[in-house]
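Okay, thanks for coming, everyone. Let me put the structure up, and then I'll walk you through a few spots in it.

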Amino acid sequence: MDFTTVKYTRPDLEEFKTKMHKLSVQLAGAQNGFVAKVAATELVALVNNMNSQAMLATIRNSIDTNDAFYKAEVDFWDEYGPQFDDALTEYQQAVVSSAYQDDLASIYPHTWIAGAQDALRVKDPKIIPLQQQNNRLITEYQTLIASAQIDFQGQTYTLAQLGPLMSDQDRDVRRGANAAYWSFFAQHEATFDRIYDDMVHVRTKIARELGFKDYAEMSYVFMDRFDYDEDMVSTYRNEVRQKVVPLVREQRAKQAKRLGLTKLAYYDLSIQFKDGNAKPQGTPEELVETARQMYHEMSAETGPFFDHMVDSHLLDLLAKKGKMSGGYAEYIPSIESPFIFANFNGTSGDVDVLTHEAGHAFQTFVARWIQPGEVVFPTNEAAEIFSMSMEFIAYPWMQNFFKDQTAKYKYAHLQDALEFLPYGILVDHFQHEVYTHPDMTPAERKACWRRLEKQYNPDKDYSENADLDRGIYWMRQGHIFEVPFYYIDYTIAQVVAYQFWKRFEVDHDQTAWNDYLSMAKAGGSQSLLELLKTGHLQSPFAAGALDDTLAAIHTALAAVDDSKL
């Protein structure tokens with residue numbers, strides 16, 4: 001299979017609706033389990049194809065936002081995607097109400113049924129115009145980010161391409177690069193504010209039309225948080241604020257000392273070592289081949305997976321003009337294959353793509369036995385476990401990527417993951433405040449961000465940047481605009497991934513890989529807490545659940561003489 005030749009065809013909405021209705025009626029009226037399964041199998045194929053076409057359009061538009069054809073297709077999906085989604089209502093109701101649940105269980109995992117029930121709660125034809133407006137706003141944000149052309153030191157950069165300069169070992173360079181980066185957001189601040197303000201009000205209208213108090217309450221339904229609630233998340237937030245923030249501040253003090261500074265400025269936070277952060281050695285092509293060797297040595301399952309990704313052209317890794325920023329992994333049901341999108345920039349993040357996004361891709365690759373493509377990935381917080389854990393599982397092979405800078409990479413990576421936890425909680429807490437107070441002005445939202453930032457990231461000194469000190473940092477966080485309430489999922493997954501780090505790196509647990517693999521194969525057929533049980537892992541929601549792992553991380557970091565790195 002060659003992904004570059006996979007054909008995209010825009011589905012006909014009316015034809016789709018007609019087929020969907022016919023098969024849904026057939027399923028609902030089935031007189032026996034066999035007939036129900038035949039209809040369900042055709043329905044799954046129909047939905048998988050529709051979702052695949054939407055993904056193909058989105059992927060190809062993200063690769064080149066200047067491609068007029070795929071820009072038009074993304075506009076089509078922004079406009080008509082909600083109508084395709086609404087057409088699934090009769091189908092979901094037919095499955096959920098079927099008298100032949102035992103027969104259908106071979107097609108639909110219980111999580112699909114629970115997800116369908118959630119989906120039915122957040123659906124109504126009357127909100128389609130609002131969903132269309134929301135889609136257009138998301139595309140407007142993405143296009144604005146992709147349009148950045150920033151002049152710095154005589155050259156023009158995208159936001160992604162500025163990344164290496166923002167962590168340059170020369171302090172003057174990184175100070176200037178950071179100033180240039182944030183000047184883009186300051187110059188377009190009114191536009192970012194307007195887009196987000198419109199989003200908040202549109203999403204609030206959607207929630208209230210559907211009978212929810214606010215969009216925050218609605219998020220627990222549309223995010224399919226099956227087996228935990230806001231009280232459990234609140235306990236988790238408090239654990240991070242009370243136990244992780246002090247550890248991060250301790251690490252920041254060590255970082256400042258390593259850099260020979262009395263205090264870290266905001267533009268110093270991304271550089272760990274005076275002579276620069278660890279950088280991978282080799283061209284992008286060489287890094288991919290190094291990753292191929294790693295995955296062949298890692299396990300019998302990972303080698304063939306990565307061969308498939310490379311040989312089928314399922315990797316688009318290089319940053320270029322017109323390409324959207326960021327990175328992602330997607331699963332395309334029609335070809336039963338994942339796809340990885342990234343923006344290599346010569347930093348350690350390039351290797352993280354080959355572990356993190358590959359972790360996502362590997363999970364879907366081994367879970368492709370699940371028929372409905374929507375549940376090949378587990379729910380978001382569970383999906384991130386596989387990507388973040390793969391970053392740690394790959395530690396023994398980092399020598400091949402970083403050579404004599406390997407110790408620096410591992411130390412910084414372990415610390416960066418720790419520092420991420422409070423930031424991830426901050427993003428979630430901010431969104432909770434925004435959507436429970438949707439009438440805040442743009443200025444009040446920025447003040448809210450800065451107030452919370454001082455709680456979760458008290459080490460950030462913006463005295464040299466008045467725009468950041470006013471609270472514009474969140475404007476760079478695409479998840480806030482594109483996938484609200486997703487970001488805490490990364491932190492939940494990070495805590496779980498740290499458990500795998502401890503099992504692989506500290507305990508040398510010989511059963512750890514089999515547990516990871518069992519979880520990956522289960523994919524979306526299990527809920528978060530069910531997956532943790534499958535992997536013999538602890539839930540992060542109980543008070544004290546982080547203690548053992550945090551102690552191991554602190555010990556590991558303290559054991560390193562970081563002054564010699």
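Another case is Arg-60, whose charged end sits over the ring of Phe-3, 5.2 Å from its centre.

A quick word on what you're looking at: this is a predicted model, where local features need pLDDT of at least 70 and side-chain atom pairs count only at pLDDT 80 or more, while totals for chains, interfaces and linings use all residues. Residues are numbered from 1 along each chain as its sequence is written, and side-chain values use heavy atoms, with hydrogens and water left out.

Now, aromatic pairs. How many does a search of the whole structure find? It's 58. Rings of Phe, Tyr and Trp (its six-membered ring) pair if their centres lie within 6.5 Å; planes under 30 degrees apart are stacked, over 60 edge-to-face, and the rest tilted. Take Trp-182 and Tyr-473: their ring centres are 5.0 Å apart and the planes are at 35°, so this pair is tilted. Trp-182 is in helix α9 (residues 171–187) and Tyr-473 is in the loop between α20 (466–470) and α21 (478–482), so the pair ties together parts that are 291 residues apart in sequence. Helices here are DSSP runs (H or I, at least four residues), strands are E runs of at least two, and both are numbered from the N terminus.

Are these two buried or exposed? Buried means under 20% relative accessible area, exposed over 50%, and partly exposed in between, with a 1.4 Å probe and protein chains only. Trp-182 has 4% relative accessibility, so it counts as buried. Tyr-473 is buried too, at 17%.

Back to Phe-341, which pairs with Tyr-328: centres 4.6 Å apart, planes at 5°, so that pair is stacked. Tyr-328 lies in strand β4 (residues 328–332) and Phe-341 in strand β5 (residues 337–344), so the pair ties together parts 13 residues apart in sequence. Phe-341 is buried, with a relative accessible area of 1%, whereas Tyr-328 counts as partly exposed at 22%.

Last stop, His-429. Its place is in helix α18 (residues 406–436), and at 15% relative accessibility it counts as buried. Leaving out residues up to four places away in sequence, His-429 touches Arg-237, Leu-452 and Tyr-456, where contact means heavy atoms within 4.5 Å.

Notes
Lys NZ or Arg CZ within 6 Å of the ring centre and 35° of its normal.
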